[in-house]
Amino acid sequence: MLWGKKKEEEQEAVSETPVDAAAPIDQKPFMQAIVPVLACGSGLFSDGYVSNVIGSVSTTLGEEYGDVYNNSNAASIVPAIAFAGTVVGQLFFGYLSDKWSRKDSLLISTVILIVFTALAAGSYYHGDVVSMFSILTAWRFFVGIGIGGEYPAGSVGCAESSGELKGGTRNTWFILFTNTMIDWGFVFGAFVPYVVAAACHNSHYSTIWRTSLGIGVVFPLVLFILRLRLKEPEEFSRNSMKHAKTPYRLVFKYYGFRLLIVSLIWFIYDFSTYSFSIYSSTILSNIYGGTGVLTTIFGWNTVINLFYIPGTMLGAPISDRLGPRYTLITGQVLQAIVGFIMAGCYSRLSHPSVVGAFAVVYGIFLSLGEIGPGNNIGLLAAKTCATGVRGQYYGLAAAFGKIGAFVGTYVFKHIASPDGDPIKSAQYKFYVSSSLCIFAAGLAFLLPHIDQDTITKEDAKFRAYLESHGWDTRQLGLKKGETLESLPDESEDNAMPVSKAG
């Protein structure tokens, strides 16, 4: 904590440097400004879809292959392996988006997502079922790498482009085209298997899971065409370090503690959210005691996932009113309260006769999670650091979150009652998740306040900090072929002038 306090004091000292001189990003007409926000952020729909559909796919594989699948390592690895690939993608594309290009990084990640989603849907190996599980696992890993690129390149580009929108709505639009898109992906990831299972009359299992996976190609294919017309965000053009040597020691000294807090909150959120989304079909199957057909289980799973939508959409404007930090804290505390209530009442809710009541209470639990960390953790990660390192900062925080998702999907099936009681096992999951919500809410108090112009102000503060430590800030925004010798010596000639600290 002494380290954190020291960092806060340093940042406060730097913040005393005037930042009003930072040139604001020019606002564009709404339709012109909203297109890059949509194109950059909405690729996260694929994350929600691909992450959630695998729960239904896993349930279908269990129906088709029985103990061959259920008792194999694949039952744990197939749902979780995409998270491992996502971590690789977040770290790789985080660096690439800072040191190369936001737009081109996005295009590459989209191509990877399209190709390997199609390959996963066609997984086959000479009629050998176990080897087919291995092939599916491999393709899902590469799908994860493609998804990983959406976070540091897409969401960061979305945050920077939102600065060109009208003040007072920027957080709302960022949320609607990032987290809300993930949540719609969750909904379609539950709904598509339901429709396909109904069309197949709850048989032809191979058709159900392959079609459900293959449909995941459609959205990124459409988005790829839209992204071809993107330009680099103006904030990135002004303040990137793509042609400068990044002063990582100074970056870590200034942002290390803040990055740690954001990463921990993201880890906790993904630990619970992705685990519940993947295993909601299993929870419902346990309620029905194995008597429910696929359409019944998938149908209720769709209803449950629909509760993400009011949480994220109604919560988006709240982030502009209260600020992301306080909105996150409020949502976490309320979610914890509902989770504890649900754990206590689970024995009365876990019956087929009251599955509707279960879906409503469970849905409220998920909805509150979206109002809080779901909507705001990505927003905090995108706006609590400077543009020159935003991709890597965001990628590290998001990767830590996905590690939480990976750990959660593996650990959740082992959070169980010693006597194997399914009711107690489900209760334990809600107790664990609710306790973590309280912990994450406490961590959020350690983060700074975010307002409408935080990105511009943060760039100015970080520029002043670098100057106070002797780093030549004329390197920020250098274009290809430019050198320091070709630039003016005076810092006031910079694109974003600030008075020097010290």
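Mentor: In this predicted model, the cover over the buried residues of helix α11 includes α2 (30–41), α3 (44–65), α6 (102–121) and α7 (129–162). Helix α11 itself spans residues 218–227, and its buried residues are P220, L223 and R227. These residues lie on the same side of α11, because they cover an arc of only 60 degrees around the axis. An α-helix has 3.6 residues a turn, so residues three or four places apart point the same way. The face of α11 turned away from that buried side carries V218, V222 and I225, which are exposed.

Two or more residues of the patch come from each of α16 (324–349) and α19 (422–444), and α16 gives the largest share, five residues.

Charged side chains complete the account. Among the 12 salt bridges of the structure is the one between R258 and E458, whose closest N and O atoms are 3.4 Å apart. This pair links distant parts of the chain, with R258 in helix α13 (residues 248–287) and E458 in helix α20 (residues 454–468), 200 residues apart. Both R258 and E458 are buried. R102 and D98 form another salt bridge, at 2.8 Å between the closest N and O atoms, and both of these residues are buried. A network of salt bridges links D98, R102, E160 and R390.

Technical notes:
Residues are numbered from 1 along each chain as its sequence is written. This is a predicted model: local features need pLDDT of at least 70, side-chain atom pairs count only at pLDDT 80 or more; totals for chains, interfaces and linings use all residues. Side-chain values use heavy atoms; hydrogens and water are left out. Buried means under 20% relative accessible area, exposed over 50%, partly exposed in between (1.4 Å probe, protein chains only). Helices (H or I, at least four residues) and strands (E, at least two) are DSSP runs, numbered from the N terminus. The arc is that of the directions from the helix axis to the C-beta atoms. Contact means heavy atoms within 4.5 Å. A salt bridge is a side-chain nitrogen of Lys or Arg within 4 Å of a carboxyl oxygen of Asp or Glu.
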